[in-house]
Amino acid sequence: ALSDGSLVAVSKDLVEEMPTQSQVPILEMALSADENTLACFTKRGHVEIFDVVGKNCIAVIDTKTQKQPNQLIWCGLRALVLVWNTIGMFFVNVDSKSVHRLGFRPKGDAVYLVEEIDSTRI
C-alpha cells in the first residue's frame, strides 16, 4: 500500500495503481490463482476484493476482527480462508459477501494452509 492509500497490484504483465475502498493500511494480501483477483485484509478488519483486470473493488467484507490473520489464502477463485491462531478459521464467500466461522481452532502455530487450484489444504 502506498502512503496515499492507493494499492499497487502486481501481475505478470500488469503494474497498475488502484484506489483502496477504505483508504486504510493493508495488513495482508493474496492474489488468486488466475491472477485476476486480489484480496486485501485491511487494518479495519475488512477484506477488500479487487478485480485486477478491471481495476475496481468488487467487494468489501467485514470479518468483525481487526487482528491481522496469520494466513489469508484463496480457496478456488471465489472464496478465501483466513486463520488466526487465537481466534480460529474463517471461510469468506466472495459472491455472497458472507463470513463463516469454521468449527476449528488451531492450537499454537500447528496449522498451515496450502492453496490448491480448487480447494485449500489444512
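What follows is a conversation about the cores, strands and aromatic pairs of a predicted model.

Reader: Which residues touch the most other members in the largest nonpolar core?

Author: In this predicted model, the largest nonpolar core has 16 residues, and those that touch the most other members are Val-47, Ile-49, Trp-74, Leu-80 and Leu-82.

Reader: And which strands supply at least two residues of this core each?

Author: Strands E4 (37-42), E5 (46-51), E6 (56-62), E7 (71-74), E8 (79-84) and E9 (88-93) each contribute at least two residues, and the largest share, three residues, comes from E8.

Reader: What is Leu-80 in contact with, leaving aside its neighbours within four places in sequence?

Author: With those neighbours left out, the contacts of Leu-80 include Ala-39, Val-47, Ile-49, Trp-74, Phe-90 and Val-92.

Reader: Switching to E5, how many of its residues are buried?

Author: Five of the six residues of E5 are buried, which leaves the strand mostly covered.

Reader: In which sense do E4 and E5 pair, and what about E5 and E6?

Author: E4 and E5 pair in the antiparallel sense over five bridges, with Leu-38 having Phe-50 in E5 as its bridge partner. E5 and E6 also pair in the antiparallel sense, over six bridges, and here the bridge partner of Phe-50 is Cys-57 in E6.

Reader: How many residues sit between the strands in the hairpin of E4 and E5, and in that of E5 and E6?

Author: The hairpin of E4 and E5 has three residues between its strands, and Gly-45 in that turn has a positive phi of about 90°. In the hairpin of E5 and E6 there are four residues between the strands, and Lys-55 takes a positive phi near 60°.

Reader: New topic: how many aromatic pairs does a search of the whole structure find?

Author: The search finds two aromatic pairs. In one of them, Phe-41 and Trp-84, the ring centres are 6.1 Å apart and the planes are at 70°. This pair links distant parts of the chain, since Phe-41 is in strand E4 and Trp-84 is in strand E8, 43 residues apart.

Reader: Why is that pair of Phe-41 and Trp-84 edge-to-face?

Author: It counts as edge-to-face because the planes of the two rings are at 70°, and the cut-off for that class is over 60 degrees.

Reader: Is Phe-41 buried or exposed?

Author: Phe-41 is buried, because its relative accessible area is 0% and the cut-off is under 20%.

Reader: What is the other pair?

Author: Trp-84 and Phe-90 form an edge-to-face pair, at 5.1 Å centre to centre with 85° between the planes. Phe-41, Trp-84 and Phe-90 form one aromatic cluster.

How values were computed. Residues are numbered from 1 along each chain as its sequence is written. This is a predicted model: local features need pLDDT of at least 70, side-chain atom pairs count only at pLDDT 80 or more; totals for chains, interfaces and linings use all residues. Side-chain values use heavy atoms; hydrogens and water are left out. A nonpolar core is a set of buried Ala, Val, Leu, Ile, Met, Phe, Trp, Tyr and Cys residues joined through side-chain atoms within 4.5 Å. Buried means under 20% relative accessible area, exposed over 50%, partly exposed in between (1.4 Å probe, protein chains only). Contact means heavy atoms within 4.5 Å. Two strands pair if DSSP finds at least two bridges between them. Rings of Phe, Tyr and Trp (its six-membered ring) pair if their centres lie within 6.5 Å; planes under 30 degrees apart count as stacked, over 60 as edge-to-face and the rest as tilted.
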